[in-house]
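Please look over the model shown here before reading on. The paragraphs that follow go through its sheets, a contact between helices, and its aromatic rings.

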Amino acid sequence: MCMAIPSKILSIDGEMARVECFGVERVVSLMLLDEPAQVGDYVIIQSNSFAMEKVEPDAAREALDYLSQVLAEGEGADRA
Amino acid sequence: MITPAQDGIRLCLGVRNGVIRDVDIQSRRLVSATAPLLGRKPDQAARLVAQLFSLCKLAQGLSAAQAIEAITPDFVLSVPQQTARRFLLLGETVLEHGGRIALDWPSLMGQQPCLTAVKVLRRALGDLWRVLYPAGDWMVPGGGVLHIDQYGLHQRLSAIDDAFAALALPSGYTQNPGSPVAWLLSAGWGLDVSLGLTALPDLPLAELEARLAADDGRFLAQPDWQGQPFETGPLARKADHPAVAAVIARHGLGLAARFAARLAELLDAAREMRDLAAALCNDAKSVFPADLPPADGVGLAVTEAARGRLVHRVEVRGGLVARYQILAPTEWNFHPQGVLFQALAGQAAGNDPALLARLAVAALDPCVTCAIEVK
């Protein structure tokens, strides 16, 4: 249920940013972030269109590793 | 293969002769996400759960802690920890409901989302745990070290009032959360669609435990109780609220009632937070034997999260997590024959059936990503 999937900022144009997550790119608004963001930062996206918070690189990598593990193991029996 | 970035619900509507005849709801949610918890120590699993969920993060982390605590049959959480957890869950409810109302409702009225209110709420409540559990150990089974920052706490409560003042809603809504319904209905979006209410009842824990223990994945993906899908969330909890009941009496049990219930619950949660603040008190590290949970056992936790009923179940074998299950509210509400299906099937399609679908999703579970196709 609504996992915190970090997306990496690829480019920034004003209040908008192009982000990437597991190969999927999209454009999101940075207007709800409380702190400045820069290319290379990891952010959590909500409502499919807003970056809501920045994530520390180590925490982002741990989350992405976890999700990669989920994907590698395929659809398991127990779901969240 | 679905990637995490494509996670969500796919809704396909079949329209014939101006009526929505077919409603096909398919979950593309990346829901098999608990396997990597296996083989970890229970307290590590709770910490990871809290880290991995962005929405209902506190409900998820606290449910994990509670499920692990439940492995010890005679364990009782201290009153200060119970109060602090309740306070955190209320804060999350205010953040989730307030954020959705600030983003979604102005859009319904053709206005810009109320970003100021969202930012104020996030600043006040996004890390509310800091003013209760400065070490960040709020999700530790048995409870973390409670050390209340009274100044910070009251600053954050005050910010909730600021956010409410910034919400672009008709005046008087704090006294009567049913009042904005007429305003929303004036947009003419079909919010008065009638669909009834089949509220998820309290489930007997022994039966729920047995159902989960025997589950092969189908119950978690498409839950039912005695063969019937149920609705969970604000209206299932708030149908008896006077303002919500008044909306139901006037406009029926449609989408408007769901919006009114969300607002009523938002205001009630903020009020309860203010009431509860005086009861928050420091608590030393709990007596829960964190390094002595039973080596084998099963624990179950049921939490009313902002979006609905959340269930966690953990099996521990040899001191490590052997199985972890999460039953999320989305799976009840977006069951293929559940309340979303009922909200749309047989309805007049109007000029824009996709918009009606978006409204229904926003009323039932505004946080889920939903791709809509009309045939």
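**Sheets, helices and rings**

In chain B, strand β1 (residues 9–16) and β6(B) run parallel and are joined by 5 bridges. Helices (H or I, at least four residues) and strands (E, at least two) are DSSP runs, numbered from the N terminus, and two strands pair if DSSP finds at least two bridges between them. One of the bridges sets Arg10(B) against its partner Ala371(B) in β6(B). This is a predicted model, in which local features need pLDDT of at least 70 and side-chain atom pairs count only at pLDDT 80 or more, while totals for chains, interfaces and linings use all residues. Residues are numbered from 1 along each chain as its sequence is written, chains are lettered from A and ligands numbered from 1 in the order in which they are written, and side-chain values use heavy atoms, with hydrogens and water left out.

The two strands belong to an open sheet of 3 strands in chain B, whose order is β2-β1-β6 and whose pairing is mixed. At its edges stand β2 (19–27) and β6 (370–374) of chain B, each with a single partner strand, so one side of each is left without a neighbour in the sheet. From one strand to the next the twist averages 20°, where axes are lines fitted to C-alpha atoms, for helices over the stretch in contact, and angles run from 0 to 180 degrees between N-to-C directions. Helix α14 (residues 353–364) of chain B packs on this sheet and touches β1, β2 and β6 of chain B, its direction making about 155° with that of β6(B); contact here means heavy atoms within 4.5 Å.

A further open sheet of 3 strands in chain B has the order β3-β4-β5, with antiparallel pairing. Here β3 and β5 of chain B stand at the edges, each with a single partner strand, so one side of each is left without a neighbour in the sheet. Neighbouring strands of this sheet are turned by 15° against each other on average, direction ignored, and α2(B) packs on the sheet, touching β3, β4 and β5 of chain B, with its direction at about 150° to that of β3(B).

The pairings within this sheet can be followed strand by strand. Strand β3 (residues 297–305) of chain B is joined to β4(B) by 9 antiparallel bridges, among them the one that makes Val316(B) in β4(B) the partner of Gly297(B), and a hairpin connects β3(B) to β4(B) through 2 residues. Strand β5 (residues 320–327) of chain B pairs with β4(B) in the antiparallel sense over 7 bridges, including that of Val314(B) with Tyr324(B) in β5(B), and Arg313(B) stands opposite Gln325(B) in β5(B). The hairpin of β4(B) and β5(B) has 2 residues between the strands, and in it Gly318(B) takes a positive phi near 60°. In strand β4 (residues 308–317) of chain B, 9 of the 10 residues are buried, so β4(B) is largely enclosed by the rest of the structure; buried means under 20% relative accessible area, exposed over 50%, and partly exposed in between (1.4 Å probe, protein chains only).

How do helices of the two chains meet? Helix α1 (residues 57–73) of chain A and helix α1 (residues 42–52) of chain B pack at an angle of about 100°, with their axes 11 Å apart. That makes α1(A) roughly perpendicular to α1(B), since angles under 35 degrees count as roughly parallel, over 145 as roughly antiparallel, 65 to 115 as roughly perpendicular and the rest as oblique. A search of the whole structure finds 3 aromatic pairs over all chains. Trp105(B) and Phe259(B) form one that is edge-to-face, at 5.6 Å centre to centre and 85° between the planes; rings of Phe, Tyr and Trp (its six-membered ring) pair if their centres lie within 6.5 Å, and planes under 30 degrees apart count as stacked, over 60 as edge-to-face and the rest as tilted. Both Trp105(B) and Phe259(B) are buried. Ring pairs also link Phe219(B), Phe230(B) and Trp332(B) into a cluster.
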